[in-house]
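Trainee: Could we go through this chain together, beginning with its overall make-up and then turning to how some of its strands pair?

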Amino acid sequence: MLFFARLPPPAGPVVAAGLALLLAGCASAPSGPVTQAPVQPARVAAAYPVTALVGSWGVASFREDRDRPRTETMARQHCRLPYVITKGPTDGVMMHVADDAKLYELTLKGSADGKIYLGFDAPPGHPQDRQILSLTENLIVMRFVAPDVHARYGTFVYVRCPGGGATAAR
């Protein structure tokens with residue numbers, strides 16, 4: 001109270017009251033910034049059945065859209081040694097992920113904005129996902145969501161191999 005003793009008599013109690021209010025306000029204020037949890041993209045049913053991916057595929061990739069026709073031709077040639085996608089043990093398909101030689105079960109995921117993803121059981125558009133750009137009975141075009149992985153691998157084209165339908169998958 002030495003500080004208050006030097007002030008004129010009416011100022012001491014006013015300063016003390018102001019200091020008490022200031023300290024009370026600090027005690028009730030949140031200790032850190034208030035943040036909201038990030039909003040997860042809504043997950044909806046995928047537009048395609050998982051079985052549409054099952055089969056034997058020739059695979060190639062491109063980086064420039066103008067190279068897509070040439071890449072599809074190249075993918076057909078790769079049917080000599082096809083990439084085989086099989087049904088997973090639950091509701092997915094067995095495929096490789098980026099930079100890993102092990103097979104994992106991946107599932108189709110739809111998002112509220114109409115995009116379709118293939119990946120682990122995580123929200124749609126997760127960095128480890130692939131976005132399916134188009135899918136027909138005989139052609140799949142997909143790209144990795146993570147920009148650095150997409151830059152390394154490009155956009156994939158899967159062309160169904162003759163006799164490599166869903167029923168012929170190993």
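Predicted model: local features only at pLDDT ≥ 70, side-chain atom pairs only at ≥ 80, totals over all residues.

Trainee: How many helices and how many strands does the chain have?
Mentor: From the N terminus on, the elements run α-α-β-β-α-β-β-β-β-β-β-α-β. Going through that order gives the tally for the chain, which is four helices and nine strands.

Trainee: What percentage of the residues count as buried?
Mentor: A residue is taken as buried when its relative accessible area is under 20%. Applied to the 170 residues of the chain, that cut-off gives a buried share of 35%.

Trainee: Which residue of β4 stands opposite Lys87?
Mentor: Strand β3, residues 83-87, pairs in the antiparallel sense with strand β4, residues 93-96, over two bridges. A hairpin joins β3 to β4 through five residues. Across this pairing, the residue of β4 that stands opposite Lys87 is Val93.

Trainee: In the hairpin of β4 and β5, which residue takes a positive phi?
Mentor: β4 also pairs with strand β5, residues 103-111, in the antiparallel sense and over four bridges, and Met95 has Tyr104 in β5 as its bridge partner. Between these strands the hairpin has six residues. The residue of this hairpin with a positive phi near 60° is Asp99.

Notes. Residues numbered from 1 in each chain as written. Heavy atoms only, no water. Buried < 20%, exposed > 50% of the residue type's maximum accessible area, 1.4 Å probe, protein only. Pairing = 2+ DSSP bridges.
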